[in-house]
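Subject: Structure handed over, with notes

Dear colleague,

Here is the structure that I promised to pass on to you. Please open it beside the notes that come after it, and read the two together.

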Amino acid sequence: MADFVAPGWSLYITIVTLVSVAFCVWLTLVLARGRAPGRQVDTTGHRWDGDLEEYNNPLPRWWLWLFMITCLFAFAYLALYPGLGSFQGLLGWSQKGQYEREVARVDKDAAPLFAKYLQQDIPTVAADPQARAMGERMYLTYCVQCHGSDARGSRGFPNLSDADWLYGGDPDTIKTTITQGRNGVMPPMAAALGTADDVKNVANHVLSLSGSRHDAAAAAAGREKFAVCAACHGEAGTGNPALGAPNLTDRTWLYGGSLATIVETIERGRSNQMPAFGQMLSEGKIHLLAAYVWSLSNGPADRATAGAAAKTN
C-alpha cells in the first residue's frame, strides 16, 4: 500500500467510488420503467425448441426499491464512515480507535486484579499458581510465535527455559526486555579480520572456547585475531550482557555451533529484533508475563526460595 499514499490517489478513489454508486442508482431508475399499457414486451432474442422465447419483462418493483435502498445506504455509510480515500467520515470512526477503546475498557475491568500482583515482586508472583497460569496464557498469545510453545526457542530465537541469557535473566531485566524490546546486531567482521583463512581460524578459536570440536592449529592461529571480537565478547569470550553479546565459552548457540555456521556469522553478521510490548500491554500484564518467563528458568524450589526471601525483606 506504500504506492497509494499520494494525495492524488485519495481523490481518484473518492471519484471512482461515488461514480460507481451513482451509476447503480441510474441503472436502477432505468430498469424501473414499466411496460406501457397495451405495448407488447420485447424479447431478448433467445429462442428454444422453435417457439420458446425469453421476454424482457421489467424487474419486480420490490426488488428495484430494495436495490435503491442499498444505494442510498451506501451514500449514508460513506458519509459517516471511512471509505472515500483519506476522508475519515463524519463520525471519525477508525479500527485503531475502536481497538484502543475496547482495550481500555478491558484494562479498566481487569485493573483491580493486576493491581494486586503489581504490589508483589516478580518471584512472589511466579510462586503463585494462579498468577503463573495467567502469565502462561499471555505467553501463548504474544510469545509462542517466536519462542515456541515449550519456550525452548528455535534457530535465531532464544531458549527461555535455560539459564543462558543475552541481556541477563534477573526479574527486572526480563521485564525491561518485554517492555522496551531488544535490538541485537553483530556486524559482518570478515573485512576486519582479513582473509578467508583468518575468518576460519577465528571460527576455530571460538569453537575452542567452549571445548567444541575444532582444529587446534587453526584455533591457535586465530587467537590473536580474536582481539577484534573481544571488544564485544570480552577477551575470554564470556560475553557482555550490557551489549547483548553472547557468551562464547558455553555450548549454547543461537544459530548453531558448527564451524560453517560460525564462519557464516562472522562473514555476514547477524541481526535480531524483539518487539517492544510496552505500548501493547499494560504494566500489570507485563508484570505477570515477566513472572512467568522468569519461572521458566527457575524451578519450583527456586521460586519458593525467592518468594520466601522477598517476604522477609
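What follows is an account of what was found, taken region by region.

Please keep in mind that this is a predicted model, in which local features need pLDDT of at least 70 and side-chain atom pairs count only at pLDDT 80 or more, while totals for chains, interfaces and linings use all residues. Residues are numbered from 1 along each chain as its sequence is written, and side-chain values use heavy atoms, with hydrogens and water left out.

Helices (H or I, at least four residues) and strands (E, at least two) are DSSP runs, numbered from the N terminus. Thr28 is buried, with a relative accessible area of 4%, and Ser10 is buried with a value of 16%; here buried means under 20% relative accessible area, exposed over 50%, and partly exposed in between, for a 1.4 Å probe and protein chains only.

A polar atom of the Thr28 side chain lies 2.7 Å from the backbone oxygen of Cys24, whereas a polar atom of the Ser10 side chain lies 2.8 Å from the backbone nitrogen of Ser86. Contact means heavy atoms within 4.5 Å. Not counting residues up to four places away in sequence, Thr28 touches Leu64, Phe67 and Met68, and Ser10, with its neighbours within four places left aside, is in contact with Leu84, Gly85 and Ser86.

**The nonpolar cores**

A nonpolar core is a set of buried Ala, Val, Leu, Ile, Met, Phe, Trp, Tyr and Cys residues joined through side-chain atoms within 4.5 Å. The largest one has 24 residues, and those that touch the most other members are Tyr117, Val125, Tyr139, Ile174, Ile178, Leu288 and Leu289. Two or more residues come from each of helix H3 (95-118), helix H4 (122-126), helix H5 (129-142), helix H7 (171-180) and helix H13 (283-296), and H13 gives the largest share, eight residues. A second, separate core of 14 residues includes Leu207, Ala230, Leu248 and Ile266.

Which residues does Ile178 touch, not counting residues up to four places away in sequence? They are Met274, Pro275, Ala276, Phe277, Gly278, Ile286, Leu289 and Ala290. Pro171 has its place in H7 and, leaving aside neighbours within four places in sequence, is in contact with Ile122, Pro123 and Trp294. Pro171 and Asp121 are 50 residues apart in sequence, and 8.6 Å separates them in space, C-alpha to C-alpha.

**Helices H3 and H5**

H3 and H5 pack at an angle of about 115°, with their axes 12 Å apart; axes are lines fitted to C-alpha atoms, for helices over the stretch in contact, and angles run from 0 to 180 degrees between N-to-C directions. Leu113, Phe114 and Tyr117 of H3 make the contact with Gln130, Ala131 and Met134 of H5.

Arg137 lies in H5 and is exposed, with a relative accessible area of 53%. Between Arg137 and Tyr81 there are 56 residues in sequence and 35 Å in space, C-alpha to C-alpha.

In helix H12 (residues 259-268), Thr261, Ile262, Val263, Thr265 and Ile266 are buried, and what covers them includes strand E3 (182-186), helix H8 (190-193), helix H9 (196-209) and strand E4 (270-274). Gly269, which follows H12, has a positive phi, near 75°.

Most residues other than glycine have a negative phi. Ala151, although not a glycine, has a positive phi of about 65°; Ala151 lies in the loop between helix H6 (144-147) and H7, and counts as buried at 2% relative accessibility.

Val228 sits in helix H11 (residues 227-233) and is partly exposed, with a relative accessible area of 32%. Val228 touches Met189, Ala192 and Leu193, not counting residues up to four places away in sequence, and the C-alpha atoms of Val228 and Val202, 26 residues apart along the chain, are separated by 9.8 Å.

With best wishes

How values were computed: A polar contact is a pair of N or O atoms within 3.5 Å; within protein, one must be able to donate a hydrogen and the other to accept it, and residues adjacent in sequence count only if both atoms are side-chain atoms.
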